[in-house]
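Please walk through the model below, one part at a time.

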Amino acid sequence: MKARKEFVDYGPGHPHGDHCGICRHFEAPQSCAIVAGRIARLFWCNRFERSGVMAKRGWIAKGIKHPGIEKRRAKEHGVSTHEQLETDSHSSNPTLRARGALGLRFEKGGDLHKARADRRYRRKS
Ligand code: SF4
């Protein structure tokens with residue numbers, strides 16, 4: 001049985017930017033697995049739990065400590081950014097290897113690039 005909104009502090013407050021749209025219980029377009037009634041994406045309740053997808057995004061953000069560093073390295077070595085990423089993704093240095101691999105995923109055609117483009121497209125339509 002789902003909880004009633006008045007018992008879970010459901011409302012427009014967003015502590016630390018949390019909201020239903022990024023909660024693991026949210027069911028698009030306007031419902032929740034554990035709270036009854038119509039649920040607005042930008043509202044929040046005290047049963048909020050961040051979804052796994054959002055947790056992954058946090059991991060990626062932490063992984064990118066020096067944005068643009070691969071581009072600078074490529075310029076220094078006189079190669080394309082893609083070539084630099086390919087080289088680094090096979091490096092024996094674990095930091096360079098991880099950075100290169102992540103960069104390849106964010107490049108045009110990479111899985112993270114496609115996911116980001118899909119999200120932007122969905123938001124516009
Ligand atoms: S924040 Fe509360 S109402 Fe919103 S989706 Fe999560 S559990 Fe449901």
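The angle between α3 (residues 81-89) and α4 (residues 94-106) is about 135°, and their axes are 7 Å apart. Axes here are lines fitted to C-alpha atoms, for helices over the stretch in contact, and angles run from 0 to 180 degrees between N-to-C directions. On the side of α3 the contact is made by L85, D88 and S89, and on the side of α4 by L96, R97, R99, G100, A101, G103 and L104. Two residues are in contact if their C-beta atoms, placed from the backbone, lie within 7 Å. By class, this contact of α3 with α4 has four nonpolar, three polar and three charged residues. Ala, Val, Leu, Ile, Met, Phe, Trp, Tyr, Cys and Pro count as nonpolar, Asp, Glu, Lys and Arg as charged, and the others, Gly among them, as polar.

This is a predicted model, in which local features need pLDDT of at least 70 and side-chain atom pairs count only at pLDDT 80 or more, while totals for chains, interfaces and linings use all residues. Residues are numbered from 1 along each chain as its sequence is written.

One residue of this contact can be followed further. R97 is found in helix α4. It touches D88, S89 and S91, not counting residues up to four places away in sequence. R97 and E86 are 11 residues apart in sequence, and their C-alpha atoms are 9.1 Å apart in space. R97 counts as partly exposed because it has 14 C-beta neighbours inside 10 Å; a residue is buried if 20 or more other C-beta atoms lie within 10 Å of its own, exposed if 12 or fewer, and partly exposed in between, with C-beta atoms placed from the backbone.

Helix α3 also packs against α2 (residues 69-77), at an angle of about 100° and with the axes 8 Å apart. That angle makes α2 roughly perpendicular to α3. E70, K71, R73, A74 and H77 of α2 meet T81, E83, Q84, L85 and D88 of α3. By class, the contact of α2 with α3 has two nonpolar, three polar and five charged residues.

Now the chain as a whole. It has five helices and two strands, which run β-β-α-α-α-α-α from the N terminus on. Helices (H or I, at least four residues) and strands (E, at least two) are DSSP runs, numbered from the N terminus. Of the 125 residues in the chain, 13% are buried. Among contacts between residues at least 6 apart in sequence, 45% join residues at least 24 apart.

Which residues are closest to the ligand? They are C20, C23, F26, C32 and C45, out of 13 residues that surround the ligand. A residue is near a molecule if its C-beta atom, placed from the backbone, lies within 6 Å of it. The shell divides into 11 nonpolar residues, one polar and one charged.

C32, one of the closest to the ligand, has its place in strand β2 (residues 31-32). C32 is buried because 22 other C-beta atoms lie within 10 Å. Not counting residues up to four places away in sequence, C32 touches C20, H25, F26, E27 and I39. The C-alpha atoms of C32 and A3 are separated by 9.9 Å, and these residues are 29 residues apart along the chain.

R24 lies in the segment before β1. R24 is partly exposed, because 14 other C-beta atoms lie within 10 Å. Its C-alpha atom is 4.0 Å from that of S51, although R24 and S51 are 27 residues apart in sequence. R24 touches E49, R50, S51 and G52, not counting residues up to four places away in sequence.

Two backbone details remain. Most residues other than glycine have a negative phi, and most peptide bonds are trans. D9 has a positive phi of about 60° although it is not a glycine. D9 lies in the segment before β1 and counts as exposed because it has 12 C-beta neighbours inside 10 Å. A cis peptide bond joins A28 and P29, with omega about 5°. P29 lies in the loop between β1 (26-27) and β2.

Conventions
Angles under 35 degrees count as roughly parallel, over 145 as roughly antiparallel, 65 to 115 as roughly perpendicular and the rest as oblique.
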